[in-house]
Every structure is written in C-alpha cells, then in structure tokens.
Amino acid sequence: MTDANGAPAEAAPQIRMQVLAQYVRDMSFENMVAQKGLQGGDVQPDIQVQVSLDARKRSVEHQYEVITKFKVTSKNKSGAAETLFLLELDYGGIFHVENVPEEQMHPFLLIECPRLLFPFVRRIISDVTRDGGFPPLNIDTVDFLALYRMELARRADAQKAAQPVQ
C-alpha cells in the first residue's frame, strides 16, 4: 500500500496481548436442595445466566485487569419455582496489551479479553455444579460483542432519559 504521495504506507503496529494471570476473585455456590431438604421428585430446572464485565487499567504500563462476573441461578419450573442452586463467580485476568488505539481499548478489553477467559469460566462452572451434587452445567458460549453492544445501547437510553425535555 502507498500513501497519497506514493510512498510506502507505514503498517500499523502489531497488536500485542498477553495473559499474565488468571484467577478466581470470588466464588459462591449454594445448594438449596441440600440446605432446605427440597424434594427431588418433580425437578425441571430452569437455568438463568447473568454476565457482567468490568475492566480497569493497572498502575503498571500496558496492564489491565478484566473481571467477568457470572451469576447462575437454577430454579424448578414446576411447583413453587424453588431455587435449586445459586452460583456466583468473579473470574479475573491480568492482560498486557500494546498497540491498541485508545478509542478501541474499551471494546477490546470488554470483548477480546473475556473471550480468552471464557473457556476457563465454563470449566469452573461445570466442575462446581457437578461437585455440588448436580449434573455438570456447560453454559452456552457468550457473545461478548453482542453483550457490549447491548450495554452501549442501555447507556445511551439512560442518557436520553436523564436529559431534560426542552
């Protein structure tokens, strides 16, 4: 490629990302069936998964912390819709990221980084539900791009609602 003067265009610097650490920041699993002695006769689980994301710059140059928060609730569809189990997991990653333009850093951190963490989150959720006395739960893949777009739309709607009518 060439620029407007016919000189070779400089290639954009290669984006560099490295996972420096991954960790469980917080986790809670409550087995309501065991705690409350619910009858296991007519169990039809209805599973809901809520996902939220958080990212922040660390004090070290080019380092960012990204936290994925999963709340998995299983309720019985039949009867009184009793909760069977509740799993809350905050899973974090420390990333070294270079050569991402500043205006693209926010979506990069909230889309690409969680994609790398997700297989580990899925495994933890599967193991914890199995070890907690239920069949292993293999949650569906999360579309982090769609999640990011929904959050942007929600924020835009909230801003419009907060503006005074003229």
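How close do the axes of α2 and helix α3 come, and at what angle do they cross? In this predicted model, the axes of α2 and α3 (residues 144-162) come within 9 Å and cross at roughly 145 degrees, where axes are lines fitted to C-alpha atoms, for helices over the stretch in contact, and angles run from 0 to 180 degrees between N-to-C directions. Helices (H or I, at least four residues) and strands (E, at least two) are DSSP runs, numbered from the N terminus. The crossing of α2 past α3 is right-handed, a term used if the near helix is turned clockwise from the far one by less than a right angle. On the α2 side the contact (heavy atoms within 4.5 Å) is made by residues including His-106, Pro-107, Leu-110 and Phe-118, and α3 contributes Phe-144, Leu-145, Tyr-148 and Arg-155. These contact residues divide into 8 nonpolar, 1 polar and 2 charged, with Ala, Val, Leu, Ile, Met, Phe, Trp, Tyr, Cys and Pro counted as nonpolar, Asp, Glu, Lys and Arg as charged, and the others, Gly among them, as polar.

Residues are numbered from 1 along each chain as its sequence is written, and side-chain values use heavy atoms, with hydrogens and water left out. Because the model is predicted, local features need pLDDT of at least 70 and side-chain atom pairs count only at pLDDT 80 or more, whereas totals for chains, interfaces and linings use all residues.

An open sheet is formed by 4 strands in the order β1-β4-β3-β2, with antiparallel pairing; two strands pair if DSSP finds at least two bridges between them. Since β1 (16-31) and β2 (45-57) stand at the edges with a single partner strand each, one side of each is left without a neighbour in the sheet. Neighbouring strands are turned by 15 degrees against each other on average, direction ignored. Helix α2 (residues 102-131) packs on this sheet, touching β1, β2, β3 and β4 (83-98), and its direction makes about 140 degrees with that of β4.

Strands β2 and β3 (residues 63-76) run antiparallel and are joined by 13 bridges; Ala-55 stands opposite Val-66 in β3, and Ser-52 has Lys-69 as its bridge partner. The two strands form a hairpin with 5 residues between them, and His-62 in the turn has a positive phi of about 70 degrees. Ser-74 lies in β3 and counts as buried because its relative accessibility is 1%, the cut-off being under 20% relative accessible area (1.4 Å probe, protein chains only), with exposed over 50% and partly exposed in between.
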